[in-house]
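Please look over the sequence and the structure first, and then follow the points below.

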Amino acid sequence: MGTARDGDETRQRVKFTDDRVCKSHLLDCCPHDILAGTRMDLGECTKIHDLALRADYEIASKERDLFFELDAMDHLESFIAECDRRTELAKKRLAETQEEISAEVSAKAEKVHELNEDIGKLLAKAEQLGAEGNVDESQKILMEVEKVRAKKKEAEEEYRNSMPASSFQQQKLRVCEVCSAYLGLHDNDRRLADHFGGKLHLGFIQIREKLDQLRKTVAEKQEKRNQDRLRRREEREREERMGRRSGSRNRDRRRSRSRDRRRRRSRSVSRERRKSRSRSRERDRHRRHRSRSRSHSRGHRRGSRDRSSKHKKEVWTIRK
């Protein structure tokens, strides 16, 4: 499986992610593949088709979401839109070429067409079940076909009685809403079974069903991506809020530390001031003490001198 299964280096040069590779082919829904061999064969696709690249994609898609469904959906939508446009043009051409009938007759003809489609679908399903060997289920469906045929016969009688015989004999056509092919009002069961069980009609059913599936898948993946994006944004916002709160707490802590430092500095300055004032008072006391001491010493010396002078005077008086 894959481009590297035989060691062929030339095939490995183109990766399945390359823009030249058909993403619809990787998802097994390219109209060029599905309608190949029908009257609406589209020919070869302009992009690369390689089963080995599809195997590479299937392996890689198990590990990660490549979201190739969006490219494939755009491709199928463009194709189906063109098919629907052709269907509308075919309806307009039929309306211009076929004989105009009243709304009542048109509704009865529409009922016959619908029963024809039911018969064709049931017959195609019965043939498929018979080919698969499921005979009992095939027989049950054939019994349902007989019931629908009886309803169709009654509807045809109502339709025949509502318009002239000459007009009833004209082949009334209808455009298939699925594949835009023409269906006749008087087509036999074999023709209806061939159409509804044919490759063209079934191919268009496959394409339309695949498109519906891709739309659902893309919508689910886009919703999941939006939810993931919203969750990541909420996580970022929560982290930012937590960061702001943490920053606020850090600022508060810094402010608190700053206030504490200011208080400590203030207390330290106050202590220093008190110490300075205490030292100043101590120095003042010391100076006053020294001043008193010197004053006392000078007084003592003067007293001593006075006493000595007085003593000398007394001695001199006695001597005289």
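Predicted model: local features only at pLDDT ≥ 70, side-chain atom pairs only at ≥ 80, totals over all residues.

**Aromatic rings**
- The count of aromatic pairs comes to four.
- F16 and F68 form an edge-to-face pair, because their ring planes stand at 65°, with the centres 6.2 Å apart.
- This pair links distant parts of the chain, since F16 belongs to the segment before α1 and F68 to the loop between α3 and α4, 52 residues apart.
- F16 has a relative accessibility of 10% and therefore counts as buried, and F68, at 8%, counts as buried too.
- Y57 and F68 form a stacked pair, with 5.4 Å from centre to centre and 15° between the planes.

**Charges over rings**
- The charged end of K23 sits over the ring of F68, at 5.3 Å from the ring centre.
- R225 lies over the face of F67, where the distance to the ring centre is 4.2 Å.

**Helix α3**
- Helix α3 spans residues 51–61, and its buried residues are A52, L53, R54, A55, D56, Y57 and A60.
- The cover over these buried residues includes α1 (23–26), α2 (31–34) and α4 (69–97).
- D50 caps the N-terminal end of α3, with a side-chain oxygen 2.9 Å from the backbone nitrogen of A52.

Methods: Residues numbered from 1 in each chain as written. Heavy atoms only, no water. Buried < 20%, exposed > 50% of the residue type's maximum accessible area, 1.4 Å probe, protein only. Helix = DSSP H or I, 4+ residues; strand = E, 2+ residues; numbered from the N terminus. Contact = heavy atoms within 4.5 Å. Polar contact = N/O pair within 3.5 Å; in protein donor to acceptor, adjacent residues only side chain to side chain. Phe/Tyr/Trp six-rings, centres within 6.5 Å; stacked < 30°, edge-to-face > 60°. Lys NZ or Arg CZ within 6 Å of the ring centre and 35° of its normal.
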